[in-house]
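Work through the exercises below with the model open beside you. Each task is followed by a stepwise solution.

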Amino acid sequence: MIDRLTAALQGSRADFTEIRVEQSWSSAVTMRGRRLEAATASEDQGGFVRALNRGSGWGTASFTSLDQLEAMVARADELSRAVRLERPIRLADVPPQQADRVPDLDGDVRGVSLAEKKRLIEAYNGEMLAVSDRIVDTLATYRDEVSEYWYANSEGALLHEVRPEVTLSGTAIARRDGTIEKGLESIGLRRGWHSVQGKAAGFRAVAERAVRLLDAPTVRGGTYPVVLDPELAGVFIHEAFGHLSEADFVYENPQAREMMTLGRRFGKPVLNVGDNGAASGLRGTLPFDDEGTPTQDTALIREGILVGRLHSRETAAAMSERPTGNARAISFRHPPIVRMTNTYIGNGRGTFADLIRDIKLGVYACGAFGGQTMLENFSFTAAYGHMIRDGQVTELVKDVVLAGNLFQTLDRIDHIAGDFRWNQMGGGCGKGGQYPLPVTEGAPHVRIEAALIGGDVPA
Amino acid sequence: MIEGLLELARRRANGGADALERRVERTALAFEAGRLKAAGVTEEAGANLRVLHRGRVGIAGTTNVGVGDVGAQHAVPLLERALASAELGEEIALAFPSTAKLPRVDTYVARAADAPLDRLIQIGQFLLQRLAREGCQVNVAIEREVGETRVANTAGAEGTYRSTGVAVSADIWRIAGDDVLAIGEVVEGSDLPSDDALEAVVQSITTRLDHALRIVTPPEGALPVVFTPAGLSAVLLPVTQGLSGKAVLQGISPLANRVGERVFDAGVSLTDDPLAPGRTASRPLDDECVPSRVTCLVQGGGVQRFIYDLETAARAKTESTGHGQRGIFGKPVPAYTNLIVGEARVPGPGSRVPGELGGGLLREVNDGLLVDDLIGVGQGNVIGGAFSHPVALAYRIERGEISGRVKDAAVAGNVYELLKRIGGLGNDARWIGARFAPSLLLEGVAVARR
């Protein structure tokens, strides 16, 4: 393959050309209720060529037929030349890398039969169903993928990687009369078959929570001191802040650049935020991004001050900053765009008990059903919550929706505990039509002095 | 094409098989911050095979199909994987449909398929020029897709159709201090957008932008709220989820066992129309060889039908409604085509020039909101009907007129309660993607501010 890529690059007339080729094997087994929903094994393959010429824009070509490689290189060059630009696109320098990275596959999933995968997820699904006869529906999914990946560009970069991935997810629906509640958990790892064994307890917990939520009251809407558990705090920092630190949001927009000026205060001195694509063993971890730039730990907020942002080679050149290894594509069907990897809130001090000690009435928001940010406004649905009364965690509450303005909310983070953890969740991040991109989030428990909790809206 | 694959499958799978092959060529242009930045093409081909063997269903997909054909060297491994999948599958009394006459639907427009790159660039330049404003950033994306779908089964049913789709989207960003405003519009169809349709995009964006420049305090309480055709998603989503035969089978649809019952206001009607001319979701048959036909879901507030694909229909002991949708890798699932809200007449292919914002419903409102976009639609426990969302783009209505944009407000309610009595439908029905809907006035929506 390397020879074919090198030959295709030599045949290119463009000033800069890069090629990605992927070949992937994946399988998925889904149980719904007591039934098998589907068990499938798939094969996917294809390539992506990107070309750039002086005075021109990007030309790209994506294809599933690898026989077309040379023709697609020519097509990308042609398209680039059709895009005439006055201000040229420049790429920040990255020393071309040559590497061959095959990680420990930890039990190569390609050697495990579909029947064994079914037995595993059937057992986990059974754990959820056995919890209570209130569990009326479940969804349990096992999914794996091994991708063989090649990257080469006309500057001399030549990379070969094997990228494994395995995810488990469980959803349990509990129902009593008209009340329907759900529990949801997932695990996503860049590992193999061995890493998804022994996970029964997690699936049981999902179903137990769904049943308990049937009796939980809806949280009363209002403004409270709110403590986020590490999972929700991680989702929060990714959604509400992380996307604004992606340089493609600001690099062409003077007003956005002003809003995101380095040195601006975003929070109290307790707040540290970063993105680390080189952290070991996480889902968002890769040796290189999809432009062949080595990944790294990038500080975004240090002691409350904005100190960095995430870049591709193009955005870094446009802003005279350094590439950070954050140009990623979900597959050969898409161009690389600026994305997060493993995004985190840095560790603080003290324990969870310290965070809630002086809260008279507050909300402990846990887990995430989902979150969306629109510009400076966000909305997150916690999986469940507890009221905090007189410094103690008390009754379970449901429909905990956290909504607010990013700038205000970041500034109201006043206490961060020292119990940092990475959340190894499945799912992924979506942007520009590219979903799901494997990412990880991490955080300790985080306290927000005052935040709006939606829920029961007083009439 | 897939005949060879099905011929192989016929010999190995005793219950038969069906298959779908799709080839797509896509051309995309990205205009960023007022200039064309990138042009790209995508050429994709793939096949999805389903076998029924010893009463069990198996599925497999591949993009490794070679050029022009699913060659034998690719077909055999695909069939093996489908049979392996069937070994694990559960027994389903699935019946592949036999030959049937297909309706005529216009899905392919030659001038859209053949439009040169320069013609597409011209469309983008026109929008950039018309939308340019001091202090604002304009982005435009144009995507043209030319596809060919072939679907066939061992019972003799088959269909092939070509399709075109052109989507033009524009958005304008205005950042002033920490106030970020983004307003977008999309026009989509099987043909290139007409000059009128492009003009409508410009008008739609500029009208909403002009009204948004003034920020006012949001109202509070149980209030009348007008949802625009774009803002309607949060209200429709629980209903469309509840009308899916799959949700009914799972026992989680609040509409199960309510066919024939009047659940909503008499003004509420919903129709799924796969035959709407000029729409990209239209097709002569679904992805399981079932001929397309119009399905009336809700008529005069009464629940009429749920949508089914072959598998959910077999489980529910009913007929497929022709809503099987499948990709290259997964199994078919029931999915809507074109959803028509309001009167079940087939609208024309083009997007009409938008009338006034709110479609004439503002006059009825003394103090309330006009909601054009919400944050977090689809999160949480959607199917129960309860929603609670901060607004992304909404305006205050005072004495029948828009007084300005509101920020930091949220709307909440239960769709099943709110739709029991609607305040009215607007005269501004138009296409938003695969949905044709007017504005909708709902009374007593909880509006909160922070």
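Two strands pair if DSSP finds at least two bridges between them. Helices (H or I, at least four residues) and strands (E, at least two) are DSSP runs, numbered from the N terminus. This is a predicted model: local features need pLDDT of at least 70, side-chain atom pairs count only at pLDDT 80 or more, and totals for chains, interfaces and linings use all residues. Residues are numbered from 1 along each chain as its sequence is written, and chains are lettered from A and ligands numbered from 1 in the order in which they are written.

**Exercise 1. Strand pairing between the chains**

Task: Find the bridge partner of Trp58(A) in S2(B), and state how the two strands run.

Solution: 
- Step 1. Take strand S3 (residues 58-63) of chain A and strand S2 (residues 35-53) of chain B; 6 bridges join them, and they run parallel.
- Step 2. Trp58(A) has Ala38(B) as its bridge partner in S2(B).
- Step 3. Now take S2(A) with strand S3 (residues 56-62) of chain B: 4 bridges, again in the parallel sense.

**Exercise 2. The surroundings of S2(A)**

Task: Which strands of chain A pair with S2(A), and how many of the residues of S2(A) are buried?

Solution: 
- Step 1. Strand S1 (residues 16-32) of chain A pairs with S2(A) in the antiparallel sense over 17 bridges. Phe16(A) has Leu52(A) as its partner in S2(A).
- Step 2. The hairpin of S1(A) and S2(A) has 2 residues between the strands, and Gly33(A) takes a positive phi near 60°.
- Step 3. S3(A) also pairs with S2(A), antiparallel, over 6 bridges. Val49(A) is bridged to Ala61(A) in S3(A).
- Step 4. The hairpin of S2(A) and S3(A) has 5 residues between them, with a positive phi of about 75° at Gly55(A) in the turn.
- Step 5. Count burial. A residue is buried if 20 or more other C-beta atoms lie within 10 Å of its own, exposed if 12 or fewer, and partly exposed in between, with C-beta atoms placed from the backbone. In S2(A), 14 of the 18 residues are buried, so the strand is largely enclosed by the rest of the structure.

**Exercise 3. One residue of chain B**

Task: Is Ala30(B) buried or exposed?

Solution: 
- Step 1. Locate Ala30(B) in strand S1 (residues 17-32) of chain B.
- Step 2. Ala30(B) has 22 other C-beta atoms within 10 Å, so Ala30(B) is buried.
- Step 3. Leaving aside neighbours within four places in sequence, Ala30(B) is in contact with Lys37(B), Ala38(B) and Ala141(B).

**Exercise 4. Two helices of chain A**

Task: At what angle do the axes of H3(A) and H4(A) cross?

Solution: 
- Step 1. Two packed helices are described by the angle between their axes and the distance between the axes.
- Step 2. Axes are lines fitted to C-alpha atoms, for helices over the stretch in contact, and angles run from 0 to 180 degrees between N-to-C directions.
- Step 3. The axes of helix H3 (residues 114-129) of chain A and helix H4 (residues 200-214) of chain A cross at roughly 35° and come within 7 Å.
- Step 4. List the residues that meet: Tyr124(A), Glu127(A) and Met128(A) from H3(A), with Ala200(A), Phe203(A), Arg204(A), Val206(A) and Ala207(A) from H4(A). By class, the contact has 6 nonpolar, no polar and 2 charged residues.

**Exercise 5. Chain A overall**

Task: What are the spans of the C-alpha trace of chain A along its principal axes?

Solution: 
- Step 1. The spans are about 70 × 55 × 40 Å.
- Step 2. Of the 459 residues of chain A, 56% count as buried.
- Step 3. Chain A has 9 helices and 26 strands.

Methods:
Contact = placed C-beta atoms within 7 Å. Nonpolar A, V, L, I, M, F, W, Y, C, P; charged D, E, K, R; others polar.
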